Number of protein chains: 2
Amino acid sequence: MQDWRKIVGKNVRRIRQERDITQEKLAFEAEIDLTYIGGIERGKRNPSLLVMARIAEALSVPLTRLLAE
Amino acid sequence: MQDWRKIVGKNVRRIRQERDITQEKLAFEAEIDLTYIGGIERGKRNPSLLVMARIAEALSVPLTRLLAE
DNA sequence: ATGTGACTTTTAGTCCGTA
DNA sequence: TTACGGACTAAAAGTCACA
């Protein structure tokens, strides 16, 4: 791969689905707009450190897990 | 801690110094402005995913190492 | 419940200087 | 060699309507 946006997107989506929660629920927990979460999951966004940290927190995983290749 | 900007900053600075290179050199390798590297190392900046990936690449470490707590 | 484009506001990131 | 400020430009953050 080597496209970090896609790697992060896949990780977020996979972990979210493991948790059995919707994008909407995750968006609410992370205090991020629903459509922005979708964009990240699709690899279309280049999120900042602090946004990724909020998502990891909402998913109850270490931040590094969002970056696992 | 829990301030990710500071965690990343400390990691970048430590690894850079282990490599014995200047901020200027790192900035050149990562194609990022010199002053921005400084800001990141001081924990004042909130870098994007792709910028952190370029820094990790320039330091020859996995991206996750920049986020190690 | 999610994908997508177009959009505005905020901030990331650059470039200049001084110390 | 690094810190830091100001002024700027590019891009991220965040919102909305509609499929």
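## Ground rules

Because this is a predicted model, local features need pLDDT of at least 70 and side-chain atom pairs count only at pLDDT 80 or more, while totals for chains, interfaces and linings use all residues. Residues are numbered from 1 along each chain as its sequence is written, and chains are lettered from A and ligands numbered from 1 in the order in which they are written.

## Chain A on its own

Chain A has four helices and zero strands, so its pattern along the sequence reads α-α-α-α (helices are DSSP runs of H or I with at least four residues, strands are runs of E with at least two, and numbering goes from the N terminus). The C-alpha trace spans about 30 × 20 × 20 Å along its principal axes. A compact globule of 69 residues would have a radius of gyration near 11 Å, and the 10 Å of chain A agrees with that (the radius is taken over C-alpha atoms, and the globule rule is 2.2 Å times the number of residues to the power 0.38).

As for burial, 32% of the 69 residues of chain A count as buried. Buried means 20 or more other C-beta atoms within 10 Å of the residue's own, exposed means 12 or fewer, and partly exposed is in between, with C-beta atoms placed from the backbone. Among contacts in chain A with a separation of 6 or more, 57% join residues 24 or more positions apart (a contact puts two C-beta atoms, placed from the backbone, within 7 Å).

## How the two chains meet

Here 13 residues of chain A are in contact with 13 residues of chain B. On the chain A side, helix H1 (4-18) and helix H4 (49-59) each supply at least two residues, and H4(A) gives the most, with four. By class, that side has nine nonpolar, three polar and one charged residues (Ala, Val, Leu, Ile, Met, Phe, Trp, Tyr, Cys and Pro count as nonpolar, Asp, Glu, Lys and Arg as charged, and the others, Gly among them, as polar).

Chain A superposes on chain B by a rotation of 180° with 0.1 Å of shift along the axis, at RMSD 0.1 Å. In chain A, the C-alpha of A:Ser48 is nearest the axis, 1.8 Å from it. The copies meet through the same surface, because 100% of the interface residues of chain A are also interface residues in chain B.

## The DNA side

Around DNA strand C there are 18 residues, and A:Thr22, A:Gln23, B:Asp33, B:Asn46 and B:Ser48 come nearest (near means a C-beta atom, placed from the backbone, within 6 Å of the strand). H3(A) has the largest share of this surface, five residues.

## A look at B:Arg54

B:Arg54 is found in helix H4 (residues 49-59) of chain B. With 18 other C-beta atoms within 10 Å, B:Arg54 is partly exposed. Leaving out residues up to four places away in sequence, B:Arg54 touches B:Ala30, B:Glu31 and B:Ile32. B:Glu31 is 23 residues from B:Arg54 in sequence and 7.8 Å away in space, C-alpha to C-alpha.

Methods: Least-squares fit on C-alpha atoms with pLDDT ≥ 70 in both.
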